[in-house]
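Let's take a walk through this protein together. Have a look at the model first, and then we'll go through its parts.

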Amino acid sequence: MTLQELAQSLHNCQHCKLAKLGRTQVVFGVGNPNAQVMFVGEGPGFNEDRQGEPFVGAAGKLLNELLQSAGLSRAEIYIANVVKCRPPNNRDPEPDEVETCKPFLFQQIDLIKPKLVCTLGRWSTETILERKVSITKIRGQVIRHNSLVVFPLLHPAAALHQGNLLPSLREDFGKLKHYLDQVNRESIAAPAPPASHPDKMQKIQMDLF
Ligand code: URA
């Protein structure tokens, strides 16, 4: 299945109760289907629900600024959310909604195969790492989980509400730029891996994190 086919299959998704709780549309995700870096938020808010795209409201503006600071554009990354439909009144997604939508997020990740999955906020981090976390403790650290390399970040909306979190968020985007620069330098400098060891290059790059 391609990413486009997955998106199409969820176009009128009725798998959980969010389908009937006032969503305008399913917000599948947006960006480069071959992105090196994928960002995962919590769920669409008012503006995302209207426009059909993740992170287009106030948190999205801050995210754009942070991406720019890390030398990244929205066109080169991929952005999705844990739940693809807006929870009413911007409430947190409920456990049954997360459980229902989670396999689609993992399918997206499998298809995109990003080198780095940046989780935005506690909900997204706990979903990807499949355990409870303290986001303020583990943010800005690279964590390997199954075949994923995960980089937990504070949620931009949290930093908008609590300005004291903003310096940490900026600091972590600075680290992200550093990791990506390392990866890119390595892939320019290193010769192509021999055909008999196709996963060697990947191993070298993963070791950088
Ligand atoms: N917050 C999220 O977690 N996701 C969005 O798409 C927008 C705001």
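How many helices and strands does the protein have? There are nine helices and six strands, taken as DSSP runs numbered from the N terminus, with helices (H or I) of at least four residues and strands (E) of at least two. Keep in mind that this is a predicted model, where local features need pLDDT of at least 70, side-chain atom pairs count only at pLDDT 80 or more, and totals for chains, interfaces and linings use all residues. Residues are numbered from 1 along each chain as its sequence is written.

Let's start with the sheet. The six strands form an open sheet with mixed pairing, in the order S1-S3-S2-S4-S6-S5; strands pair if DSSP finds at least two bridges between them. S1 and S5 sit at the edges, each pairing on one side only. S1 runs antiparallel to S3, joined by two bridges, and Gly-31 has Tyr-78 as its bridge partner in S3.

Here is where the strands lie:

| Strand | Residues |
|---|---|
| S1 | 30-31 |
| S2 | 37-41 |
| S3 | 78-81 |
| S4 | 116-120 |
| S5 | 143-145 |
| S6 | 148-153 |

Helix H5 (residues 122-129) packs on this sheet, touching S2, S4, S5 and S6.

Now for Cys-118. Leaving aside residues up to four places away in sequence, Cys-118 touches Val-37, Phe-39, Phe-151, Leu-153 and Leu-176 (contact: C-beta atoms, placed from the backbone, within 7 Å).

How values were computed. Contact = placed C-beta atoms within 7 Å. Axes fitted to C-alpha atoms, helices over the stretch in contact; angles between N-to-C directions.
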